[in-house]
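Subject: Structure handover

Hello,

Here is the structure I promised. Please load it before you read on.

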Amino acid sequence: MASGSEYFNRCGPKYLSNIDWNNAHHRSQCVAPPWWEFFNFKVVNALIDDNDKSIFGAIFEYKPSAYSYHRSMDRSPRYVIAFRGTLIKLESFARDLKLDIDIIRNGLHHTGRFRTAIKAVLDLVSVVGSSKVWLTGHSLGAAMAMLAGKNMAKRGNFLEAFLFNPPYVSPPIERIKNKKVRHGLRFAGTLIKAGIAFAAAASDNHNNSNGIQDSSFASISGWIPCLFVNHLDPICSEYIGHFKHKKKLEDIGAGGLARLTSQHSLGNMAMSAVGIKGIDTSEPLHLLPSANLTVNLYPCQDMISAHELHQWWRPDLNLSCSVYKYK
């Protein structure tokens, strides 16, 4: 259940009185509810879960007044499709929790909620084009938006996406304070994943499937979603280490190893190896070839506040931004 601090009209970025669409910070701030009341967005459709009938997302149309045009509006969206995170409400929590587990099992793409989401995205893009449709979401909703964005990228449609606290299915190595221990664990994980990947490629069948996966991963490399993560949030902080470690491998001339292992999840491999049912090891949702990564370094009281959405509305954020591109 949303706390009082999570209501945008109570503690949202009141300092933002107009939007410069060329400003990345402004673009990220305008995808928080309910900006539509002030920034000329209108709700045109709600997305309903076919299981519990809860609203899990909405489509918003940007309709600026005739007197508000300026050149930066050429970068503005025409529609924004937003997906909510897990709600602590009796009528929807059980369904949301099941979907959270589906993320861990890499099975979100098999769910009815995602089928509804991707149909809405496909239908809208077919009418107005990909350049005028944005995706956004928080936590579970960020995973939904990420999966939709990856699917659209495979079709050659690169939608601008703003993903807040997206789940990364991995032990939170980034939370370990000792830098040498973090580096050692990641390097060991890289070697293990490389060994498993090479072993899997030994048979002709696996050779074919790996080639398909390599091609699929490279095909979405031009899509660069904007990820917003907190370094103290165990749910998403591993994106920081993932991209830093990948860049470190590239810098030492191990780009091929980085490309190979960045497509595999050690957690999914391990769960599948020990016989946990329902684990899909092909193309884990949380792995991305490219990203525009923004890290919130502002001190938080605890892990819960580090994962909450309203942290991104502060005017005094301490942010670190890096762009990682697939090579």
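This is a predicted model: local features need pLDDT of at least 70, side-chain atom pairs count only at pLDDT 80 or more; totals for chains, interfaces and linings use all residues.

Residues are numbered from 1 along each chain as its sequence is written, and side-chain values use heavy atoms, with hydrogens and water left out.

Overall fold
The chain has 11 helices and 8 strands. These are DSSP runs numbered from the N terminus (helices: H or I, at least four residues; strands: E, at least two). Of its 327 residues, 50% are buried. Buried means under 20% relative accessible area, exposed over 50%, and partly exposed in between (1.4 Å probe, protein chains only). Take contacts (heavy atoms within 4.5 Å) with a separation of 6 or more: 72% of them join residues 24 or more positions apart.

In H5, 13 of the 15 residues are buried. Gly156 follows the helix, with a positive phi near 85°. Ser139 lies in the loop between strand E4 (133–138) and H5. Its phi is also positive, near 60°, and it is not a glycine. Ser139 counts as buried, at 10% relative accessibility. The UniProt annotation "domain: Fungal lipase-type", from an unreviewed entry, covers residues 119–158. UniProt positions are in the numbering used here, feature names are shortened, and annotations may be inferred rather than shown by experiment. That span is 62% helix and 15% strand.

One other backbone point: Asn106 has a positive phi of about 60°. Asn106 sits in the loop between H3 (93–104) and H4 (112–128). With a relative accessible area of 4%, Asn106 is buried.

Aromatic pairs
The whole structure holds 9 aromatic pairs. Rings of Phe, Tyr and Trp (its six-membered ring) pair if their centres lie within 6.5 Å; planes under 30 degrees apart count as stacked, over 60 as edge-to-face and the rest as tilted. Phe56 and Phe83 are stacked, with centres 6.2 Å apart and planes at 10°. Phe56 is in strand E2 and Phe83 in strand E3, 27 residues apart. Phe56 and Phe83 are both buried. Phe243 and Tyr324 also stack, at 5.1 Å and 20°. This pair joins helix H8 to strand E8, across 81 residues. Trp134, Phe162, Phe164, Phe228 and Trp312 form one aromatic cluster.

Salt bridges
There are 12 salt bridges, each a side-chain nitrogen of Lys or Arg within 4 Å of a carboxyl oxygen of Asp or Glu. Arg95 pairs with Asp50, the closest N and O atoms being 4.0 Å apart. Arg95 is in H3 and Asp50 in the loop between E1 and E2, 45 residues apart. Arg95 is buried at 10%, whereas Asp50 is partly exposed at 43%. Asp251 pairs with Lys247 at 3.1 Å. These two are 4 residues apart in H8, about one helical turn. Asp316 bridges to Arg314 at 3.0 Å. Shared partners join Asp49, Asp50, Arg84, Arg95, Asp96 and Arg113 into one network.

Best wishes
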